[in-house]
Amino acid sequence: MKKRRNHTLNPTLEKLFEYFYVLVGSAIVAISFNVFLLPNRVASGGVSGISTILDATLGWEPAYVQWAFNIPLFIAGVVLLGRQYGYKTLAGTIFLPFVVFLTNDVKPWTLDPLLGSLFGGIGVGLGLGIVFRGNASTGGTDLAAQIIHKFTGLSLGTCVAMIDGLIVLSAAIVFDIERGLYALIGLYVTSKTIDLVQVGIGRSKMAMVITNRQDEVREAILNKIDRGVTKLSAYGGYTDQERPIIMCVVDQTEFTKLKQLVQSIDPSAFVIVMDASEVLGEGFKRA
C-alpha cells in the first residue's frame, strides 16, 4: 500500500482555513452576481434572485435586500433549527451582501443574457462550493427551505425546488419568459458547478474482478500496481457456488495497467469498472 503522511492540521489553523473559504467563496458569489447575473436580469433562485427582481421593479439596492432577507432568516434558523450553523454561516450571510455593495459599480463583463446565465452560474456555483468546503453556507433560501422541511414534512430537495421555482417563475412574470428560461440555465449550471467543486475533476476507477485465479490477481495488484484490494463474498447466480470478488480502486492513469494485468493472468476474468468520483483514504485524498 502507498504510504501517506499525516496531513492533519492544527485545529485553530483548520478553523482559520474554513473562515478563509467562506470569505473567498462569498466574494466570488457576490462578484459573479454583479458582473453577470444582475446586469442581465437573470434571477436564478435564492435571495440574489429576489434582489434582482426587486432592483428591476422597485430600484432597491440588491445588497440591502440581501441583508434584509439573510439576517432574519439566519436568526429564524438558529431559533427554529438550532445553533448548528455557527459563526461561519453568519460570516457568509453578512459578508456576501457586503461585497455586493462594494462591487455594485463594477462594469458588467457581458450584456448577453445567455453568457450571463452560464458564467454567472459557474461563478456562483464555484463560490458556493468553496463556502461548503468551509463547512458553512451563505444562509438565505437554504435556511428557509430547511424551516419548511421541518414543519411540513416535505423533502428538503422539494422545498428548495419550490422556493427557487417560485423565484424563477416570478422572474418570468416580471421580465419575460425568455429571462425565466435563462434563470433556469443559471440555476442548473450553479448546481453542476457546486458538484464539481465538491467532488473534484480527477476521477478514480473502481474495478470489481471475478476470476478463478484470484490469489494471483490479488498479489499482482498489491505488488505491481501498489494498490490495496478488498475481497467481497459473493455467490454465482447459476452455480450457487462461492465466487469472491476482488475490489480495487486506482487512479485514471493506473487503470490501463490494471486491465492489462488482469487479462494477462486470466483472459476469461469478468471485470466491472465504475467511476469513483471521490475517494478518501490511504493513497488517495485525505478526508
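In the predicted model, Leu-232 has Ile-245, a residue of strand E3, as its bridge partner. Three bridges join strand E2 to E3, and these two strands run antiparallel. Strand E3 itself, which comprises residues 245–250, is mostly covered, with five of its six residues buried. E3 is also joined to strand E1 by five bridges, again with an antiparallel course, and within this pairing Ala-207 stands opposite Cys-248 of E3.

Taken together, the four strands form an open sheet in the order E2-E3-E1-E4, with antiparallel pairing. Strand E2 (230–232) and strand E4 (270–276) are the edge strands of this sheet, each of them pairing on one side only. When direction is ignored, neighbouring strands of the sheet are turned against each other by 25° on average.

Among the helices, the contact between H1 and H5 was examined. The axes of helix H1 (residues 11–37) and helix H5 (residues 113–133) come within 7 Å and cross at roughly 170°. Since angles over 145 degrees count as roughly antiparallel, H1 and H5 are therefore roughly antiparallel to each other. Sorted by class, the residues in the contact of H1 with H5 comprise twelve nonpolar, nine polar and one charged.

An unreviewed UniProt entry carries the annotation "transmembrane region" for residues 20–38, 64–82, 89–107, 113–132, 153–175 and 181–201. Two of these annotated spans were characterised by their secondary structure and end-to-end distance. Residues 113–132 are 100% helix and 0% strand, and the end C-alpha atoms of this span lie 27 Å apart. Over residues 89–107, by contrast, the chain is 74% helix and 0% strand, with the end C-alpha atoms 29 Å apart.

Helix H6 (residues 141–152) has twelve residues, which at 1.5 Å a residue should span 16 Å, and the separation of its end C-alpha atoms, 16 Å, agrees with this expectation. The buried residues of H6 include Thr-141, Leu-143, Ala-144, Ala-145 and Ile-147. An α-helix has 3.6 residues a turn, so residues three or four places apart point the same way. H6 is followed by Gly-153, whose phi is positive, near 85°.

Definitions and conventions: Residues are numbered from 1 along each chain as its sequence is written. This is a predicted model: local features need pLDDT of at least 70, side-chain atom pairs count only at pLDDT 80 or more; totals for chains, interfaces and linings use all residues. Side-chain values use heavy atoms; hydrogens and water are left out. Axes are lines fitted to C-alpha atoms, for helices over the stretch in contact, and angles run from 0 to 180 degrees between N-to-C directions. Angles under 35 degrees count as roughly parallel, over 145 as roughly antiparallel, 65 to 115 as roughly perpendicular and the rest as oblique. Ala, Val, Leu, Ile, Met, Phe, Trp, Tyr, Cys and Pro count as nonpolar, Asp, Glu, Lys and Arg as charged, and the others, Gly among them, as polar. UniProt positions are given in the numbering used here, feature names are shortened, and annotations may be inferred rather than shown by experiment. The expected span of a helix is 1.5 Å times one less than its number of residues. Buried means under 20% relative accessible area, exposed over 50%, partly exposed in between (1.4 Å probe, protein chains only). Two strands pair if DSSP finds at least two bridges between them.
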